[in-house]
Amino acid sequence: MDQNHPPLLYLDGVSVSFDGFKAINNLSLIVQHGELQAIIGPNGAGKTTMMDIITGKTRPDEGEVFFAGDVDLTRLDEAAIAELGIGRKFQKPTVFESHTVWDNLELALKKPRDVFSAWFYHPSKEDVGRLEDILATIRLTERREERAANLSHGQKQWLEIGMLLAQDPKLLLVDEPVAGMTDAETVETAKLLREIAKSRSVVVIEHDMSFIRDLAARVTVLAEGSVLAQGSLDHVSADPRVIESYLGR
Amino acid sequence: MITKTLLRAFDGKAIWVVAILIAIAVAVPASNLYLPVGHPLRVPNHFVPLLGKYLTYAMLALALDLVWGYCGILSLGHGAFFAFGGYAMGMYLMRQIGDRGVYANPVLPDFMVFLNYQELPWFWYGFDMFWFAAIMVVLVPGVLAFVFGWFAFRSRVTGVYLSIITQAMTYALLLAFFRNDMGFGGNNGLTDFKDILGAPLQAGSTRAALFAASAIALALSFIVCSAIVRSKLGKVLVAVRDAESRTRFLGYRVDNYKLFAFTASAVIAGIAGALYVPQVGIINPGEFAPANSIEIVIWTAVGGRGTLIGPIVGAVLVNAGKSWFTGVFPEFWLFALGGLFVAVTLFLPKGIVGALAQGWTALKAQRVSAQAEDGSDAAPEPSPAE
């Protein structure tokens with residue numbers, strides 16, 4: 001690794017097994033600053049487990065995970081990693097259903113996370129302005145006072161992306177952002193993610209090939225817990241091993 | 001910042017609740033003390049401590065609601081915090097008896113003389129002073145909850161497992177306090193109190209003052225809880241209740257939030273216990289019984305959890321029902337209580353207050369739509385299958 005310009009995220013030789021099943025097997029991966037990277041792979045390839053490791057939900061059995069050069073993520077818990085600037089969107093949209101759209105974003109907004117700061121928090125003008133901008137970006141301005149439970153599936157996905165923006169992370173991990181979306185919503189989401197990737201790094205896990213084509217991102221193919229191929233979508237889809245393990249089925 | 005946060009506590013309906021509680025704090029004692037006996041509006045003597053007891057129960061239910069209704073921690077051991085507050089107050093009242101006990105020992109309470117204690121155990125020191133007892137009322141339940149919560153929440157014990165260990169905690173305390181050599185009066189507990197702060201407990205004015213103190217303590221707890229749930233802190237608590245791991249991935253230290261709510265709740269419960277004991281005149285290990293803690297859950301569920309008014313309404317209604325029922329059909333009270341819990345769970349999942357609020361919103365929506373129809377369409381059609 002180049003010591004002067006370390007990548008934003010660096011995984012080396014990471015392995016983890018559950019009850020003897022190797023979910024991740026000697027996985028190495030690099031995410032550069034300001035990069036948009038797509039990760040594809042068949043079911044059980046370890047995509048979600050990899051995100052669990054990066055965000056501190058799962059501890060790897062072996063291997064190194066470094067953020068911004070020298071921060072060892074394997075020693076930190078979920079809250080500390082989120083505070084460092086790694087935001088995560090889950091496969092299943094998880095927003096706070098009994099809160100309004102506005103409150104969901106306010107909870108995500110980058111602010112001190114301790115109990116007493118939260119108790120005595122009053123939104124400043126800048127905070128309100130920032131949340132209004134995000135609402136406009138995710139096109140939910142009209143529904144700001146609506147409870148999140150009443151949103152459609154696609155709107156919940158966007159609200160979750162909005163919450164990620166409010167967190168203002170350096171790295172966004174986005175797990176299947178267009179699952180269950182209409183074609184028009186999918187195109188809009190690709191546009192949104194490309195926009196976001198201008199100012200920060202984004203890693204997208206996705207199955208939808210046309211969506212990945214829209215993203216125009218570097219593609220990493222995972223299979224059986226390790227990297228099978230990397231490159232542009234056309235490059236990896238031409239790779240015979242990839243066709244065998246994934247596309248050809 | 002802090003005043004702004006406190007002012008937020010009075011938003012909406014909250015100011016009415018506080019106003020009503022203050023009115024009760026003045027009206028009930030005034031009517032008891034100043035209206036002539038036999039006046040139709042006079043609150044009878046025996047009613048004052050009874051109503052005061054309901055208010056302390058309401059405070060206890062409010063405390064439980066903060067952790068259960070807002071943070072999703074179903075504590076089945078909240079009676080323990082109430083009992084600790086009660087014991088701390090009971091120890092003060094015991095030492096106020098002085099040499100007026102049966103054995104006339106100036107230092108040792110009667111039960112210690114009876115059990116051949118030669119000197120006062122160390123943990124009874126200081127309880128002859130009211131201020132010391134008052135600090136202990138807050139400190140002991142608070143520290144217990146903090147230590148318990150520290151271990152439980154850090155090890156990520158949640159859901160039914162947490163409920164079971166809170167139940168085990170109160171049961172273990174029940175067994176411990178039953179033992180004579182614990183030094184808390186064993187089975188009989190602490191009783192035969194004479195006076196508090198120099199005022200005789202049997203006097204009408206003392207009972208009236210204790211009632212007023214209970215109503216004001218309830219109002220203050222309500223203000224604190226309201227200031228919590230209306231702030232971003234309250235929103236985080238609800239977020240933890242609904243999606244704990246999501247909250248963690250947003251960067252919140254969920255354990256600290258739970259610990260805060262649990263400890264604050266235990267402190268409120270302890271103060272409630274301390275106000276309860278002088279009004280009922282006794283504290284014994286029975287207060288630690290698991291069944292008591294479960295009853296608190298029922299009051300809260302009946303009134304409506306996740307609202308601040310609900311637990312107050314629930315605690316007062318269920319206990320008023322209990323007082324009446326145990327007078328008329330004493331054997332059937334537990335069946336009635338169980339039936340009530342089942343009925344509320346099945347038919348009023350949001351409790352009385354939740355159901356009323358829902359009905360009110362529905363009625364308002366109906367009116368708005370009726371008005372809208374009046375403007376455009378004179379004859380509203382009956383809509384089928386509503």
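**Figure 1. Contacts and overall form of chain A.** Among the contacts in chain A between residues at least 6 apart in sequence, 65% join residues at least 24 apart, where two residues are in contact if their C-beta atoms, placed from the backbone, lie within 7 Å. The model is a predicted one, in which local features need pLDDT of at least 70 and side-chain atom pairs count only at pLDDT 80 or more, while totals for chains, interfaces and linings use all residues. Residues are numbered from 1 along each chain as its sequence is written, and chains are lettered from A and ligands numbered from 1 in the order in which they are written. Chain A has 10 helices and 10 strands; helices (H or I, at least four residues) and strands (E, at least two) are DSSP runs, numbered from the N terminus. For 249 residues a compact globule would have a radius of gyration near 18 Å, and the 18 Å of chain A agrees with this; the radius is taken over C-alpha atoms, and the globule rule is 2.2 Å times the number of residues to the power 0.38. The C-alpha trace of chain A spans about 55 × 40 × 40 Å along its principal axes, and buried residues make up 43% of the 249 residues.

Figure 2. A:Gly56 has its place in the loop between α1 (47-54) and β4 (62-67) of chain A. A:Gly56 is buried because 23 other C-beta atoms lie within 10 Å; a residue counts as buried if 20 or more other C-beta atoms lie within 10 Å of its own, as exposed if 12 or fewer do, and as partly exposed in between, with C-beta atoms placed from the backbone. Not counting residues up to four places away in sequence, A:Gly56 touches A:Leu73, A:Leu76, A:Asp77, A:Glu78 and A:Ile81. A:Leu107 lies 51 residues from A:Gly56 in sequence and 20 Å from A:Gly56 in space, C-alpha to C-alpha.

**Figure 3. Helices α3 and α5 of chain A.** Helix α3 (residues 101-108) of chain A packs against helix α5 (residues 125-137) of chain A at an angle of about 120°, with the axes 10 Å apart; axes are lines fitted to C-alpha atoms, for helices over the stretch in contact, and angles run from 0 to 180 degrees between N-to-C directions. That angle makes α3(A) oblique to α5(A), since angles under 35 degrees count as roughly parallel, over 145 as roughly antiparallel, 65 to 115 as roughly perpendicular and the rest as oblique. The contact is made by A:Trp102, A:Leu105 and A:Glu106 of α3(A), together with A:Leu131, A:Ile134 and A:Leu135 of α5(A). By class, the residues of this contact of α3(A) with α5(A) divide into 5 nonpolar, no polar and 1 charged; Ala, Val, Leu, Ile, Met, Phe, Trp, Tyr, Cys and Pro count as nonpolar, Asp, Glu, Lys and Arg as charged, and the others, Gly among them, as polar.

**Figure 4. Helices α3 and α12 of chain B.** Chain B has 15 helices and 4 strands, and 44% of its 386 residues count as buried. The axes of helix α3 (residues 47-68) and helix α12 (residues 290-303) of chain B come within 9 Å and cross at roughly 80°, which means that α3(B) is roughly perpendicular to α12(B). From α3(B), B:Tyr57, B:Leu60, B:Ala61, B:Leu64, B:Asp65 and B:Trp68 meet B:Ile296, B:Val297, B:Trp299, B:Thr300 and B:Gly303 of α12(B). The residues of the contact of α3(B) with α12(B) are 8 nonpolar, 2 polar and 1 charged.

**Figure 5. Helices α9 and α11 of chain B.** Helix α9 (residues 232-242) and helix α11 (residues 254-280) of chain B pack at an angle of about 110°, and their axes are 10 Å apart. With that angle, α9(B) is roughly perpendicular to α11(B). In this contact, B:Val236, B:Leu237 and B:Val240 of α9(B) meet B:Val254, B:Tyr257, B:Lys258 and B:Ala261 of α11(B). The contact of α9(B) with α11(B) has 6 nonpolar residues, no polar ones and 1 charged residue.

**Figure 6. The side of chain B that touches chain A.** Here 24 residues of chain B are in contact with 23 residues of chain A. The elements that give two or more residues to this side of chain B are α1 (2-8), α9, α10 (244-249) and α11 of chain B, and α9(B) gives the most, with 7 residues. By class, the side of chain B that touches chain A has 13 nonpolar, 4 polar and 7 charged residues.
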